[in-house]
Amino acid sequence: KGKGKGRGKGRFQTADLLDENRPKFDSMKFSEWFRTVTVMFYDMEETLIIEELLRREAQVRDKVLAQALGLPLHQVRKKIFQRLIPDGLVDQEVENQGGSIT
C-alpha cells in the first residue's frame with residue numbers, strides 16, 4: 001500500500017525507519033566495524049586515539065588522551081590536527097585557556 005513498483009505511476013514515501021522488524025542499532029557492532037575500518041586507513045597512533053575516544057564515549061582533553069595512551073602530548077595533537085579533524089573523525093571544542101579535543 002502506498003509504494004510504487006517498478007517504473008511509472010505510483011505513490012512514494014520514505015522508508016519506515018521505525019519499522020519494528022528492522023534491526024536495532026547496535027553500538028558494539030558499529031564500534032567493532034569502525035575499528036576494523038580505521039586500521040586499514042590510519043596508522044597505529046591515530047587508531048589508538050580513535051579507539052580511546054570510542055571507549056570513553058565522551059569529550060576528552062588532549063592531555064588526558066596523551067596520558068591514557070602513553071604518548072607525548074605533541075604527538076597526539078599532531079595526529080589529531082593533521083588527520084583526524086580534517087577527516088571528520090574528531091571535533092575540537094576550544095575553551096578559554098588551551099584546547100580540548102572531543
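**Figure 1. Contacts of Leu-54 in the predicted model.** Leu-54 touches Ser-31, Phe-34 and Arg-35, leaving aside residues up to four places away in sequence. The model shown here and in the other views is predicted. Leu-54 belongs to helix 2. Along the chain, Leu-54 and Phe-34 are 20 residues apart, and their C-alpha atoms are separated by 9.4 Å. Phe-34 has a relative accessibility of 16% and counts as buried, because the cut-off for buried is under 20%.

**Figure 2. Helix 1 against helix 2.** Helix 1 spans residues 27–41 and helix 2 spans residues 44–56. Their axes come within 10 Å and cross at roughly 170°. This crossing makes helix 1 roughly antiparallel to helix 2, since angles over 145 degrees are classed that way. On the helix 1 side, the contact is made by Ser-31, Phe-34, Arg-35, Thr-38 and Val-39. These residues meet Thr-47, Ile-50, Glu-51, Leu-54 and Arg-55 of helix 2. By residue type, the contact of helix 1 with helix 2 divides into four nonpolar, three polar and three charged residues.

Figure 3. The structure holds three aromatic pairs. In one of them, the ring centres of Phe-30 and Trp-33 are 5.7 Å apart and the planes are at 35°, so the pair is tilted. Phe-30 and Trp-33 both lie in helix 1, three residues apart, which is about one turn of the helix. Phe-30 also pairs with Phe-34, with 5.8 Å from centre to centre and 25° between the planes, and this pair is stacked. Phe-30 and Phe-34 are four residues apart in helix 1, so about one helical turn separates them. Ring pairs link Phe-30, Trp-33 and Phe-34 into a cluster.

**Figure 4. Helix 2 against helix 3.** The axes of helix 2 and helix 3 (residues 62–69) come within 11 Å and cross at roughly 105°. The two helices, helix 2 and helix 3, are therefore roughly perpendicular to each other, as angles of 65 to 115 degrees are classed that way. Helix 2 contributes Leu-48, Ile-49, Glu-52, Leu-53 and Arg-56 to the contact. Helix 3 contributes Val-64, Leu-65, Ala-68 and Leu-69. The residues of the contact of helix 2 with helix 3 divide into seven nonpolar, no polar and two charged.

**Figure 5. The largest nonpolar core.** This core has 14 residues. Among its members, Ile-49, Leu-53, Leu-65, Val-76, Ile-80 and Leu-84 touch the most other members. Helix 2, helix 3 and helix 4 (73–84) each supply at least two residues of the core.

**Figure 6. Surroundings of Glu-46.** Glu-46 is found in helix 2. With a relative accessibility of 5%, Glu-46 counts as buried. Leaving aside residues up to four places away in sequence, Glu-46 touches Lys-79, Arg-83 and Leu-84. One of these, Leu-84, is also listed among the core residues that touch the most other members.

Methods:
Residues are numbered from 1 along each chain as its sequence is written. This is a predicted model: local features need pLDDT of at least 70, side-chain atom pairs count only at pLDDT 80 or more; totals for chains, interfaces and linings use all residues. Side-chain values use heavy atoms; hydrogens and water are left out. Axes are lines fitted to C-alpha atoms, for helices over the stretch in contact, and angles run from 0 to 180 degrees between N-to-C directions. Angles under 35 degrees count as roughly parallel, over 145 as roughly antiparallel, 65 to 115 as roughly perpendicular and the rest as oblique. Contact means heavy atoms within 4.5 Å. Ala, Val, Leu, Ile, Met, Phe, Trp, Tyr, Cys and Pro count as nonpolar, Asp, Glu, Lys and Arg as charged, and the others, Gly among them, as polar. Rings of Phe, Tyr and Trp (its six-membered ring) pair if their centres lie within 6.5 Å; planes under 30 degrees apart count as stacked, over 60 as edge-to-face and the rest as tilted. Buried means under 20% relative accessible area, exposed over 50%, partly exposed in between (1.4 Å probe, protein chains only). A nonpolar core is a set of buried Ala, Val, Leu, Ile, Met, Phe, Trp, Tyr and Cys residues joined through side-chain atoms within 4.5 Å.
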